[in-house]
Amino acid sequence: MANVPGLDAWIATDGGAAFVWGATDCCLFVADWVAARSGRDPAAAWRGSYRSLRQAHRLLKRRGGIVAAVSLEMDRLGFERTSDPLPGDVAIVTVPSGFRSGRIHYSDVAAIRVGRLWAVKGHRGMAGGDFPVRVAWALNLEDDPHDAR
């Protein structure tokens with residue numbers, strides 16, 4: 001599946017919205033994509049419960065970290081894990097997140113597969129790369145009712 005209808009527009013529109021914790025952050029950017037395409041919201045359990053980086057970290061820490069928290073919700077909603085993600089599928093990937101004390105630091109963030117790369121949303125906007133995948137889920141978009149093929 002080379003092209004997912006609506007994916008480019010999603011990246012441009014929702015990805016282009018200002019980064020706001022608890023509204024349009026990296027996780028909710030991806031959760032909103034999942035909800036729009038499937039009708040199932042993996043972020044329903046924590047929507048509206050944080051408004052800052054500190055609150056987001058606290059929430060995720062209580063749930064075992066981003067990988068555990070997102071895995072719990074995606075698995076609970078019935079999304080299948082995949083080792084061969086297609087465009088439109090989602091994942092938790094590891095990205096460089098800063099340079100401190102002479103070392104590169106990394107963070108795990110939510111991402112959407114676009115072509116052979118992962119699209120991620122950060123404070124400075126969208127980025128894409130061939131980031132290492134921690135865990136990925138198939139959205140099975142070939143069965144998507146929004147697909148106009």
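Visitor: Which residues have the most contacts inside the largest nonpolar core?
Guide: This is a predicted model. Its largest nonpolar core has 44 residues. Those with the most contacts inside this core are Val90, Val93 and Ile112.

Visitor: Which element gives the largest share of this core?
Guide: Elements giving two or more residues to the core include the helices H1 (7-13), H2 (26-38), H3 (53-62) and H4 (66-76). Strands E2 (90-100), E3 (103-114), E4 (117-122) and E6 (133-138) also give two or more. The largest share is eight residues, and the element it comes from is H2.

Visitor: Which residues is Val90 in contact with, leaving aside neighbours within four places in sequence?
Guide: Val90 is among the residues with the most contacts inside the core. With those neighbours left aside, its contacts include Val30, Trp33, Val34, Met74 and Ala111.

Visitor: Why is Cys26 in no disulfide?
Guide: Cys26 is buried, with a relative accessible area of 9%, and Cys27 counts as buried at 11%. A disulfide needs two cysteine sulfur atoms within 2.5 Å. The closest cysteine sulfur to that of Cys27 is in Cys26, and the pair is too far apart for a bond because the separation is 4.2 Å.

Visitor: How many disulfides does the count come to?
Guide: The nearest cysteine sulfur to Cys26 is that of Cys27, and Cys26 is in no disulfide. By the distance rule, the count for the model comes to zero.

Visitor: How much space lies in the largest cavity?
Guide: A search of the whole structure for cavities of 30 Å³ or more finds one. The space in the largest cavity is about 100 Å³.

Visitor: Which element gives the most to the lining of the largest cavity?
Guide: The lining has 13 residues, and the closest to the centre are Val30, Ala31, Pro42, Val70 and Met74. By class, the lining has 13 nonpolar, no polar and no charged residues. At least two lining residues each come from H2, H4 and E2. The most, four residues, come from H2.

Visitor: Is Val135 buried or exposed?
Guide: Val135 has its place in strand E6. Not counting residues up to four places away in sequence, Val135 touches Val67, Ser71, Arg81, Ala91 and Ile92. Its relative accessible area is 9%, so Val135 is buried.

Visitor: What separates the C-alpha atoms of Val135 and Asp25?
Guide: Along the chain, Val135 and Asp25 are 110 residues apart. Their C-alpha atoms are separated by 19 Å.

Conventions:
Residues are numbered from 1 along each chain as its sequence is written. This is a predicted model: local features need pLDDT of at least 70, side-chain atom pairs count only at pLDDT 80 or more; totals for chains, interfaces and linings use all residues. Side-chain values use heavy atoms; hydrogens and water are left out. A nonpolar core is a set of buried Ala, Val, Leu, Ile, Met, Phe, Trp, Tyr and Cys residues joined through side-chain atoms within 4.5 Å. Buried means under 20% relative accessible area, exposed over 50%, partly exposed in between (1.4 Å probe, protein chains only). Contact means heavy atoms within 4.5 Å. On a 1 Å grid over the protein atoms alone, a cavity is a set of points where a 1.4 Å probe fits but cannot get out, and a pocket is an open set with protein on both sides within 12 Å along at least five of seven lines; lining residues have an atom within 4 Å of a point. Grid points are joined across faces, edges and corners, and a volume is the space filled by probe spheres set on the points. Ala, Val, Leu, Ile, Met, Phe, Trp, Tyr, Cys and Pro count as nonpolar, Asp, Glu, Lys and Arg as charged, and the others, Gly among them, as polar.
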